[in-house]
Amino acid sequence: MSFKKFIVIPVIIAALAALLQVTDQLIGQTSFFSRWNGFGWLSFQAWALYFLGGGTVKGGVRVLLAYIAGMVGSILIMAFGGCLDGAGLGFWAMPLSLLIIVIPVICLERVPWFDFIPALFIGAGAFFAIMSYVPETTFCRAFTVELTYCVIGLIFGYVTVWLRTRYEKRVTEK
């Protein structure tokens, strides 16, 4: 493929990235998501995971399910850690919570549809980040925001593959 034909693909992806930024800014203007703009980075992560998962709808579903499992695992870790802290374990509450909860969570790598471990880790890590750095948030609010941005990113991944496939088919037919 010549450079003139190839350059269209980066332009399409750049336009989608700009559209994602616009979407993030518009989301931040709604009442539920007020003060939540600037979380487009979650969508970019999910967009990348769509490709890492194979760039297919099935791969996208696997990403979504593992991503959700990671968020649920994070909630369980934090809730259980809080209980252990309340029981007087202090410093050791979170490490022990991680030791106990991560074992069944990682066992999901043997469960079809939940077996995409990179998405599980990214979903969990992003959830921990939100809970650590967004003042006065709740599990429910953080889960809803992260899930919304994840779905947006997966949609952008799907659209990227769809547009690229259509364009490349059109170019090769000529």
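Q: What share of the contacts in the protein chain with a separation of 6 or more comes from residues 24 or more positions apart?
A: The share is 70%. A contact here means heavy atoms within 4.5 Å. In this chain, then, residues 24 or more positions apart account for 70% of the contacts with a separation of 6 or more.

Q: How do you know which residues and atoms these values rest on?
A: This is a predicted model, where local features need pLDDT of at least 70, side-chain atom pairs count only at pLDDT 80 or more, and totals for chains, interfaces and linings use all residues. Residues are numbered from 1 along each chain as its sequence is written, and side-chain values use heavy atoms, with hydrogens and water left out.

Q: Why is Ser 74 called buried?
A: Buried means under 20% relative accessible area, exposed means over 50%, and partly exposed lies in between (1.4 Å probe, protein chains only). Ser 74 has 0% relative accessibility, so it counts as buried. Ser 74 sits in helix 4. Beyond its neighbours within four places in sequence, Ser 74 is in contact with Ala 124, Phe 127 and Phe 128. For the whole chain, 35% of the 174 residues count as buried.

Q: Why is Trp 113 called partly exposed?
A: Its relative accessible area is 38%, so Trp 113 falls in the in-between class. Trp 113 lies in the loop between helix 5 and helix 6. Its phi is positive, about 80 degrees, although Trp 113 is not a glycine.

Q: Why does Cys 107 count as partly exposed?
A: Cys 107 has a relative accessible area of 45%, so the in-between class applies. Cys 107 is also found in the loop between helix 5 and helix 6.

Q: Why does Pro 104 count as partly exposed?
A: The relative accessible area of Pro 104 is 48%, so it is partly exposed. Pro 104 lies in helix 5.

Q: Why is Glu 136 called exposed?
A: Glu 136 reaches 80% relative accessibility, so it passes the exposed cut-off. Glu 136 belongs to the loop between helix 6 and helix 7. Its phi is near 55 degrees, a positive value in a residue other than glycine.

Q: What makes a set of residues a nonpolar core, and how many residues has the largest one?
A: The set must hold buried Ala, Val, Leu, Ile, Met, Phe, Trp, Tyr and Cys residues, joined through side-chain atoms within 4.5 Å. The largest such core has 35 residues. Trp 36, Phe 39, Leu 42, Tyr 67 and Ile 130 have the most contacts inside it. Helices 2, 3, 4, 5, 6 and 7 each supply at least two residues of this core.

Q: What makes a space a pocket, and which residues line the largest one?
A: On a 1 Å grid over the protein atoms alone, a pocket is an open set of points where a 1.4 Å probe fits, with protein on both sides within 12 Å along at least five of seven lines; lining residues have an atom within 4 Å of a point. Arg 35, Trp 36, Val 134, Pro 135, Glu 136, Thr 137, Thr 138 and Arg 141 line the largest pocket. Its volume is about 170 Å³.

Methods: Grid points are joined across faces, edges and corners, and a volume is the space filled by probe spheres set on the points. Helices (H or I, at least four residues) and strands (E, at least two) are DSSP runs, numbered from the N terminus.
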